[in-house]
Structure formats: C-alpha cells, structure tokens
Amino acid sequence: MTKVKRDPRNRIRRSFGSRLFDGINIILLVLLAITCIYPFWDTLVVSFSSLKSYLSTSVHLWPSEWSFEGYQFMISNADLWTSYANSIFITVVGTVINLIVTVMAAYVLSKKDLKGHRVLTFLAVFTMMFSGGIIPTYIVVKDLHLMNTLWSMILPTAITTSYLIIMRNFFFDLPHELEESAMLDGCTEVGVLFRIILPISRPSMITIALFYAVDHWNDFFSAILYIMDNSKWPLQLFLRSMLFETEASYSSSASLFLLGQPMKMAAIMMAIIPIMLMFPFFQKYFAKGILMGAVKG
Amino acid sequence: MKGTKKIIALLLAAATAFSAAACSGGGQTASGGAASGGASQEGNSDPVPIKWLTTGDAAAEPIESGDRIITEINSRLGINLEVQIVPEGNVEKVNVAMASGDYPDVVTGAYGTSATQGWIDNGMVVELNQFFDANPDMKAWIENDYPWSGTDGKYYGVPFIVQYNSANNLIIMRQDWLDNVGLSYPKTLDEMRAVLEAFTNEDPDGNGQNDTVGYTAEKPSNTGGTGFDWVFFAYGREYSDYALDENGNVIPWFEYDGFVPAMTYIKDLWDSGLVDKELMLNDATKKEEKFYQGRVGAIPAVLYRHVSRQENSLHELFPDASMVYDLPPTGEDGSFGLNKQGKNGMFTCITAACQNQAKAAEFINFMVSDEGNELLRLGLEGIHYTKDGDTITYNEEERAKDAFSPDGWAHALAWGSFYWPLESGYMPDTEPNKERALETVEMATEAQVPNLVKQKTPLEIENGSSLEDIFIQYFSDMLQGKIEIEAGAKELSEKWRSQGGEEMLKEVQAAYEAQGAAE
Amino acid sequence: MAAATVRRPPAKKKEGVAGFFRYLWKHKYMYLMLVPAIAFYVIFCYVPMYGATMAFKDFNPMMGIWDSPWVGFEHFEQLFALDKFYSVLWNTISISVIRLIFGFPFPIIVALMLNEVRSKKLKQGIQTAIYIPNFISWVVLGGIMVNLLSTDSGIVNGIIKAFGFEPIGFLADDRYFVGTMVVSMIWKTFGYNTIIYLAALTAVDPQLYEAATVDGAGRWKQLFHITLPCIMSTIVVMFIMRIGSLMQAGFEQIFVLYNPGVYGVADIIDTYVYRIGLQEGKFELAAAVGLFKSVINFVLIIIANKIARMAGEEGVY
C-alpha cells in the first residue's frame, strides 16, 4: 500500500497567519515533549552512573562516570529471564483476552437500538464505583483454583470498565453510513463487526490494547496476593524484590547496596524499556486509521 | 484481516503451550525432599504436612526444592514443611489470606495490629499454653522475654519484638568538619547547638561557599518519630511511650515537664537555620544522600551492619572525609536518649484449622530452640561448616547450594519471624568492621529509652496510630511556627485526649498497674 | 456545514410486538458476544460485591463476611467522629476539583494541537514523548521532583533565584503544595488522555474537511465546526467518568510527596486512613471508607449522566 497524503489541508496555499500558527504550535508541543522526556532521561542516566557520579549533582543530564553494575547484577540473576517470560505471557495473553472480550461487549453495547444496552452498560459502570474489596475477590480467585497460576493475574482483570466505555464510544463515533450500506448488502450485525467495524477501528483498538498491556505489565500487587512460587513471579515483582531492603539483603556482599540509587534506576529501566518498545508497533497501526481511506464505502 | 487472525491464533497457541510448560515446570514450593527424608528416618508414621505462611525476610535467599536444611528439619521433626515467604514482606497478603479463610497451619503476622488482634478475638488461632509442657523452649521464649504478651496468662502467639532489647541508631557526624571548626563531638545540648551552628555558618568544608547546614533527619512520621527525639530525651523524657505525672498516673509523653523547653530548643535550631529546611521532604535515602553529598554535617543514622555502607558511601565524593558517632548529647541533668524501645514486631501463631497442632507447636519450639538456631545459622556439620575447637570454618560453596546468605549469615528460614541479627545478637566473624559494628550497638542500646508499658493494649492497637498522627501534626505546626509552642502543647493535649486518648489512657493505666503488680 | 453530518440518523425502533425471546433469538449473536463480559462481571465484580456489607459488620473471618454480626453504622460513626475527617474530605474534594478544572481540558487542547501538526514523524515523536511519564511510577517521579524543586540545589529554584526572586518551597510550603500536585498530576497523565482523543480524532471523516475547505472555512472554523463536534461524545464520556472518580484525588502521588508540613492542605481521605491503620489490616474501616467514597461518586455520576443526556448527549450509559 502506498502512502498517499490525503489531508486536504495540504492542498491549500498556506497564509502567513497559518504558518505562524503552525510554528508556535510546534514549538509549544516540542517544549512539552521535552518536559515529558526529562524524567525518563534522568532515570536512564542515573541507571548508568556510578554512585559518585549520581551523588555529585541533582540534575542528571549525562553520567560523569559510567557504571553498568546495576544492570550486570540484575542480568546475572537467572530468575530475571523467568520473570520476563512470565510477564510477557501475562501481558500478551492478558491483552488478547482483554481485547476480545472488550471489543465484543463494546460493539454490542454501542448498538443504541438493541434492547437492554443501557441497563447492561449501567451495570458495568456500577462496578466502577462499587466493589466488594480485596477479601471476597481473593475468595473467588481461590475457589476458582486460580491461586498460584498466572491466570490469577489475567482473568480477574479481563475487563477494565473505563476502557470498555471508551471503546464503546469509539464505536459510537464511527460513521454509520458504512454499516448501513453493508447491512443493505445483506451483511449480518456480526458480519458488520468483522468486515467493516474492526478494520476501521484499528487506532482505537490499538489504543485500548496499549492501555491494557501497560496495566498488565505494571501489575505486581495481584502477584503478591495470588502467586506463591518464585518461578511464577512477574518481572515487576522480581525487580521490586531485588531492591527490597531488609536485614538479609545487607548480608550479601556490601557492594550491592553501595550502588544505591543507580541500581534502583537500572531495575526501573529494565522494567520500562520492553514495554516502551511496543510503541513503534503501536504508532504504526495507530496511523492506519480511517484517514488512510483504506475502506471507503 | 486474515493476517491479523493468524497472528492472534498463533499467539494463543503459543500462550497455551507456554502456560502448560510454566505449570509443569513450576511447583517449586519450598517443601524440600520431605518424603524421602522423613520416610528413611522413621518409616513408622507419615510425615505431618505443616504449611507456614510468614512475612519472614523476603530478601533472604530463595528456598529451592530439596533444600537440605528443610529436609533435615523434616526428618528431625517428622513433618513435611512447606514455607511460603510473602514477597516484599507484604503483611497484607497474610492478613487477606487469613481473613479469606485460606489458613496455613502456622502463620506469622505483625504483632500489635488490628489484624493479629482479630485472629485472637475471633478464635482463629489457638492458645499455646496447652503445648508448653511438651515444648519448653517455646515456653521459655514467651515467659522470659514477653511475659506481658498474654491476656490473663493465656498466650496465643510467639512474639518477636523488633528493637526490644537493643538498638542500632546513633547521630553520625563529619569528623573532618569538626576538626575544621575546632570542635569535638558534642556532649551536651549546648555543645550540640554550637557544633550545628559552626557546621552551618563557618564553612566547615572550606569551599568558600555558604552551602552547608548542621543537621537533618527523616520527615516526622507515625512510625519514625520526630527526628528530634534526642532533644526530648535530653530534657528528661523518661519513657518512650508514655509518662507519669507526680501522682504516678499515666499521661501522654508530651505532657511531661520538659516538653515545652525541648520544643523551644528545637524551634531555635530551626529558626536559626541550623536544620535543613527541607527536612520535611526527606525519606531515609534522601537524608543519607545529603550527608554523603557534604550538604549536611550530622544525621541520625542506622549503624551496626551499616557502618561500612555509611562510611564507603561518604567516601565516594569525599575520599578524605571521616565519620564519627557517639552517645547523643545530654541535657542539664545528664539525661539522654535517642532510640525508643520497640513495641512492634512479629507474631507467630498456630491456626485453629491446623490438623496436627501438637506438631505445629513442636515446629515453633524447634525454631526458637538453640538446636534450631544452630542448624539455621551454621547448617549441617561436615557439609556446611567444619568445627575445629571453637573455630568454625564455613563452606560457602555448600552453603550457596542451600538457602544460606553469603559470608556466614543464616539460612533463609531463620530471617524475620524469630530472628534478626541485631535482636538475636548474632554476627559471624566474617563480617568486616565487626568490632565497630558491635560498638555502635552497645552505644545505641545505651541510648535506648524503655517503654513504660511493654505491651500494646487493645485500644492502643485500635486508635494508637490516629492519636500519634495528631501529635505529628502539632509537632510540625509548632516547629514551623504555625502555632505558638505553649498554646500548641495545650491544644495538642486537649485534642489528643478528646479524640480517644482519654479512654486509651485508662486502659494503659490498668495495664501499667497490672505490670507493676506482676513485678 | 452542520456538525450533524457525522451524527447518525436517529435509530429506528424495532417494532416491539414480537416476544422477548423472539427478539433475543433474532439477535442471538449479538447477545452471545456479551456472554464473556457478563460472565466476567458476574464472577469478578458482582459475586464479590457482598463484601461491601463489611462496612456494617463486625467482621469475623471464622464466620465469613456474610454471617458476621451486623453493627449498623458503627464504623461510619467512628470515622465521622474523627476531627480530621472533615479536613481530609475537604482536601480530597478541592484537589480533585482543581485538577478537573485545569486537567480535563488540557489533553483535549494538546490532542487538537497535535492534530494540526502536519509532519507525521514529528507528530509520532511528540506522541511517544508525552506518553512516557505514564511508565514512571510516582515513587521515582517523586524523587526526581524533590531534586528539581529543591530550594537550595534544584534547577527550578535556581532559575527563580537567577531572576532575583526568593526561592519557592514548592513541596514544603502549603501555599504552593496543592498547585505543585495538580500541575504534576496533569503533566503525568495528559499524554495518556491525549491518546484517547487522538484515537477519537482518527474517526473523523476527511471528506468533511475537504468539503469545508471548498466552502472556504478557515482552520479555526473547521476546528469548531468539525473537529470538536466529532469528538464531543468522547469528551462528554471522559468528563462524566472523571466526575465519577472525584473522590479519588491521587493516593500514590500524594503519599509519595506529602509531609507533615503540608498535611493541612495535602492530606486526603486515602492517605489519612492509610496512616491511621489501613495497612494494619482494619478491613471494616477500609470497607466503610470505600463505601462512603463509592456513594458520593455514584451520586455524582448519576447527576452528571442525567445532565449530559438532557443536553442531548449519549452519556456513559
């Protein structure tokens, strides 16, 4: 598929005012972006700094003395890779399940002429406000025999209601002429979903998938509650426990805790970078929205 | 579309395969090779499964299956031990599991909290007195160290109070700064003020800039204290938890005579700029960093096993710096103090759901016995260590195969529930700086101030933290000049008493009198 | 060129003569697609919901939540008897409202600004950048903020001092603390919300712009007559959901950054009850606080949704 710029705004010769507007707009956005990158950069720099270099300044733009000890320490632990595998499993399978369940439900609930859609939506929204708390949920997980399985970190969060509502709204906003013409051509409602709606909803599905994926990736508390074996720990829990400071941790060779903050930042980077690598993938599909004119009725 | 579907199908397939693998490969609970060990020894009875849920010490080495220490315990006691150490020592997991009816046989939670109190009140854990005859070590542990921990002579758990008989905090200072300003480690509050003033105003690091300050600490908190507790102790605060009025009645500690003068002293330090203005933003790490960065000359700091860590960190930026510690400064009548005696810790119980409670008691007894202690510290003779007279040689290679911490430190099972190096007075000879570490403990313990009442009463458990919170709020407001000290102290008393303090005091008074009668 | 072009024609009502089951059967595939979601909500949300009754019980795990004895409003009375409760309630609401007023429009504005950027590379770059703070937890950001905003060594106060002003205690001074919280909260989350609006913007039919351009409508006109109306329903839904979480003032952030010096303005319900014993396992207290917040949120969301529907919007439900 060749990328054709369809944006009609490009065809008009731009006035000076329009260009000034663009200039200021871009400057503001870039400044904003820089403030957003800074903490990430700071963390990254500290993770590669020696303790000395970290302590010598409060603004970290570049390591004055490099150190890879934090990363070396983490990588030398064989359990790291197991926990990576667990996290990838939870994130990939979890997100696929999230997406399937959420998209199906959101599509049905977006049908304003389907009986019961309002009541059902209300019942979903109700759970955003009211919950039974941690104990009954624990009992459910236990009774379903999900304890100490990776599924305990997937199934209890199969839907996040706010994402369901956002997804449903994206479906609302799609131009319905497409659907109607497809229906006239003899497509069923389900057929419309798969043939028409899903292809043009890629940006919104990808957005929701990203949110779900990040949530799964960052989850550690359900692992504390439900997972017993170290071999089933997700990455976040593994990294947190590596940094967990107690009496026993000081019994290891003292050098580990001499690394101090840089070591902690290295752990944080190791948790962030894999999920950030998803971004280009996300961007690729995000851009292929309806704007590409790929599906025109 | 077809492409996407294929990808999803593939992912699902991969996921299923992976999960199957993960499940079969998993199951590495710390149950050890119990079946073989137990059977070969006795053969006459099946080992009793004992499941122990504990916060333990999550940073200890992970216990792999087939751990020889667990196997040894199993064969000695005829049990099949399954230990679950909660990640991050997260006590919420223990509380939730218990509250959800997911009972282990033996459980270790946090002493002096609503959760463990609830276990007792609701009959979820059994009385231990019935097992005392068969298990003398457990009996001795409770009756010698924690006789106050029961109600009406009934004990429901084995407490392990942190910082009960020893402490490890001292105020550390920059010796090189003291030398530069021609002073020595302060012995009195007046000297302390002079030192902090010199650290702030006399350019102790000689860099020609006014960029240093005398003192900083962690932000005041319910759990961590005010950061200026040494001042209150120097002004004659006798106990860590409460105080006595002239009639011998229990009153909140801040109603003691020295409170207003002590507050005035602290406020003077604050107003004169001798204290880090951003003290309120400090956590433990930030506090230490400011010391390492040469921005502040004195901090209260954890020592003992951290002596080397503190010193080496300081040397990162200042290789020639030196660190000094000593007893905290004294007040006019010679009183001093820095550390409070602990009232919190661990609490190990046998659940009512436990099938073989006698065996569970036997297991706890083993854990607190000398025999158990030796096994968990040293391991098996001939395998984990060799003994030549009094000299013990560790075999680190063998120890690393089981869950021993390196450099002669104990097995993972030991840490936490019944055992910390400080409280258990244990430090292997391998530790660098051993002499100085022990010296700091001696000093810190000398600067530890006892509690008036050893236990936490039920209302103290219920309301203690919200009352402490009121104090912290008033303390900060007085310090920052939002409220004048005398008026603040008066208002604090009224508020504290009206918000549940009054009833709590009555209960504490009763406990105090009972304690007196018992002694 | 009315906005109504993208609105779908009013839905045709099915003739309601047919029986309920015949209706179900006719749309069986649609309802079937709901089954997994319904199963999820029943099993993981509605079945455990009985746990909320704990707020009115003297919870005894031996009996279970259901059979524990009722104590009426005892836990609530306990909570409301605390002097501090009213100040933390007020702080919660005020921080939330300030955040709503400034934080809600911000991502919409950024999304619209980004929508005007023509260079695809630049647009993607900025999009990625503004999403990054989401990945970094408040514990880490808090540490960085303390460094940046420090009165003696922080870069921000360095600039302020260079202009000859007194340094500002952004985190230690209670006149500035709430402002600092709100700005940093908005800053951390706007990238996330921006992406939602950008995704909504991708559904705008480009033909509309073409037609508008032909009609001679300028960029501002297009913005107000095409872009905004097209994402209005998303805006409304996001707004209602924000209203429905008004009692959530951002526990993690405040917990990391507050201190006794600013408790007067910074202490919110969540941080307060955490300090006074939530971490010690006071389950009934947690349930009571949770229920109290839920009821307020619930009332707010009902009102907000009603108003939205009266204004002709679809609302959340």
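I count two residues as in contact if their C-beta atoms, placed from the backbone, lie within 7 Å. This is a predicted model, where local features need pLDDT of at least 70 and side-chain atom pairs count only at pLDDT 80 or more, while totals for chains, interfaces and linings use all residues. Residues are numbered from 1 along each chain as its sequence is written, and chains are lettered from A in the order in which they are written.

**Chains C and B.** I looked up this interface and found 22 residues of chain C in contact with 27 residues of chain B. The chain C side has 10 nonpolar, eight polar and four charged residues (Ala, Val, Leu, Ile, Met, Phe, Trp, Tyr, Cys and Pro are nonpolar; Asp, Glu, Lys and Arg charged; the others, Gly among them, polar).

**Chains A and C.** Here 83 residues of chain A meet 83 residues of chain C. Helix α1 (residues 16–47) gives the most to the chain A side, with 16 residues. I sorted that side into 50 nonpolar, 21 polar and 12 charged residues.

I noted 15 helices and zero strands (DSSP runs numbered from the N terminus: H or I of at least four residues for helices, E of at least two for strands).

**A helix pair in chain B.** I checked α17 (residues 458–479) and α18 (residues 485–518) of chain B, which pack at about 175° with axes 10 Å apart (axes are lines fitted to C-alpha atoms over the stretch in contact, and angles run from 0 to 180 degrees between N-to-C directions). The pair is therefore roughly antiparallel (angles over 145 degrees). Their contact includes Phe471(B) of α17(B) and Trp496(B) of α18(B). Its residues divide into 11 nonpolar, six polar and five charged.

How values were computed. Parallel < 35°, antiparallel > 145°, perpendicular 65-115°, else oblique.
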